[in-house]
Amino acid sequence: SQNRLLIKNGKVVNEDGIFDADVFVEDGVIKELGRNLIIPGGTRTIDARGRYIMPGGIDPHTHFELQMMGARSVDDFYQGTKAALAGGTTSVIDFVIPQQDEGLLEAYERYRMTADEKVCCDYALHVAVTKWDAKTREEMATLVQEHGVNSFKFFMAYRDVFMLRDPELIEAFKVCKSLGAVAMVHAENGDIIYENTKKLLAAGVTGPEGHEMSRPEEVEAEAVNRACIIANQVSCPLYVVHVMSRSAADALSDARARGVCVWGETLAAALGTDGTTYQHKCWRHAAGHVLSPPLRPDPDTPEALMKKLVVDGLQVTGSDNCTFNADQKALGKDDFSKIPNGVNGVEDRMSVVWEKGVHAGLMDPSRFVAVTSTNAARIFNLYPRKGVVAVGSDADIVVWDPSRKRIISAETHHQAVDFNIFEGMEVHGVAEYVIVGGRVCVDECQIKAVHGFGKYLETLPYPAYVYDAVEEHEKQPRGVARSEADAKRQHEEDLALTK
Ligand code: URP
Ligand code: ZN
Ligand code: ZN
Ligand code: ZN
């Protein structure tokens, strides 16, 4: 029958461990877990021998069809969520970013109207607050109380466009705290970037390399530190999006070690490539890697960020998928500050984290699940509906084949964009089956996405007292640094699994 599914012979991976179990799904929900289950006749069976059965990925950071810097990102809610599925992601959280003069509620309604009928996987929305005025507080309250939004993003960069100043951040964080919402920040010092950009352009530095030069690591680390301190002073939980550098990651994990309630997200882009790409001779190639904060020229950055994820210095991986084609990137041909900011990642995030983490022997499969799914589900209050393979949870499942390889390329990817920052990278680990709400959306690697199938996820706020509990819980490091011997043993186990 259409509404029943049995996934047999695989290894179930959750954030807290791995066990052998078959998974029985009915009416979109996981009904039973175990061996020798008694299953009704006519149930479709998927053989997952040698495969991992994991909670579907949650990408908490996408920008589909975002109007920004004079361009509109080319992956829309249909193609973006279809590409997400292809890579093993079953839920995304996109950002409502209001246009100039558009109210928060108006912008939210616009996103719902656009996304609801297009999405192939489930989705939720964060809302970006890009100016602070007399209506903002009430609009935020309405979004939380009536529209299932529990997180707001504030920009410390993009001066004169999106940026809030410290007194506004203080107010904003206090409002989040009172609503039980998570405050998110884009952490870079916008005033310094403004100053540096003017200087560089005046000195004749106009190419993509100027992008990184105008906003070096310490400009990011300063803002991360400042956001942590402001949030801590007003007791508001904080989530730092796209942590891109070693010093910013250090600022965040140092704050956590002092007891600040803060979570850090890094990106597939930061783990899978680096800022040496800004020196590339081909302008389009260099501009194709422009995002903010930028990739770092220090080639040790990707592995350092991966190690931060392993030891719980960082908690989440997103994609920040915000894709622009060659003609759109060319808006900045004579001025790096006009290159539309953003890169791909929604399709390849899971593969890149697996390759650089698990396959490289740095991260175990359970921590992989934590940083690609469970932690985002917990932070944005989707857990345990999402982020875990457990009885009663949504049947959002990826059957992951660690023995299969593929080579990432814009020629074969499912995204709309004409460029891929991971071009040519060989990755182990392929999403063979991807199931959303019990429906097989990737079937033996064939995509069977349905326009509009995904649901909008209402996320509830946390009551303030839960934050205190979360805070206590988060103080216990969940991931542990592994010895080389452990990593080797895990790798051999992975290989044995595939025999
Ligand atoms: O370069 C980026 N990150 N583009 C998307 C907007 C943002 O700041 O996340
Ligand atoms: Zn940002
Ligand atoms: Zn090129
Ligand atoms: Zn973003």
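**Close-up views of the metal and ligand sites**

**View 1. The zinc ion (ligand 2) and its protein donors.** Along the sequence, the residues that donate to the zinc ion (ligand 2) follow the spacing K-x32-H-x55-H. Do keep in mind as you look around that this is a predicted model. The donor atoms are NZ of Lys 153, ND1 of His 186 and NE2 of His 242, and they lie 2.1 to 2.2 Å from the zinc ion (ligand 2). Lys 153 and His 242 link distant parts of the chain, being 89 residues apart. Lys 153 belongs to strand E13 (residues 151-155), while His 242 sits in the loop between strand E15 (238-240) and helix H8 (246-257).

**View 2. Ligand 1 and its polar contacts.** Ligand 1 has 14 residues around it, and those that come nearest are Lys 153, His 186, Ser 292, Asp 320 and Asn 341. His 186 places a polar side-chain atom 3.0 Å from an oxygen atom of ligand 1. On the Asp 320 side, an N or O atom of the side chain is 2.6 Å from a nitrogen atom of ligand 1. Asn 341 takes part through its backbone, where a polar atom is 3.1 Å from a nitrogen atom of ligand 1.

View 3. How much of ligand 1 does the protein bury? Taken alone, ligand 1 exposes 270 Å², and the protein buries 99% of that. Ligand 1 sits in the largest cavity. The shell around ligand 1 consists of seven polar, five nonpolar and two charged residues.

**View 4. Two cis peptide bonds.** Ser 292, one of the residues that come nearest to ligand 1, is joined to Pro 293 by a cis peptide bond with omega about -15°. Pro 293 is placed in the loop between helix H10 (283-288) and helix H11 (301-310). The bond from Tyr 383 to Pro 384 is also cis, and its omega is near 0°. Pro 384 is found in the loop between helix H14 (365-379) and strand E18 (397-407).

**View 5. A positive phi at Glu 444.** Glu 444, a residue other than glycine, has a positive phi near 50°. Glu 444 lies in the loop between strand E20 (439-443) and strand E21 (446-447).

Note on methods
Residues are numbered from 1 along each chain as its sequence is written. Chains are lettered from A and ligands numbered from 1 in the order in which they are written. This is a predicted model: local features need pLDDT of at least 70, side-chain atom pairs count only at pLDDT 80 or more; totals for chains, interfaces and linings use all residues. Side-chain values use heavy atoms; hydrogens and water are left out. A residue is near a molecule or strand if one of its heavy atoms lies within 4 Å of it. A polar contact is a pair of N or O atoms within 3.5 Å; within protein, one must be able to donate a hydrogen and the other to accept it, and residues adjacent in sequence count only if both atoms are side-chain atoms. Accessible areas come from the Shrake-Rupley method with a 1.4 Å probe; for residues, only the protein chains shown count as cover. On a 1 Å grid over the protein atoms alone, a cavity is a set of points where a 1.4 Å probe fits but cannot get out, and a pocket is an open set with protein on both sides within 12 Å along at least five of seven lines; lining residues have an atom within 4 Å of a point. A molecule sits in a cavity or pocket if more than half of its atoms lie within 2 Å of its grid points. Ala, Val, Leu, Ile, Met, Phe, Trp, Tyr, Cys and Pro count as nonpolar, Asp, Glu, Lys and Arg as charged, and the others, Gly among them, as polar. Donors are N, O and S atoms within 2.8 Å of the metal (3.2 Å for Na, K and Ca); water is not among the atoms, so sites may look incomplete. Helices (H or I, at least four residues) and strands (E, at least two) are DSSP runs, numbered from the N terminus.
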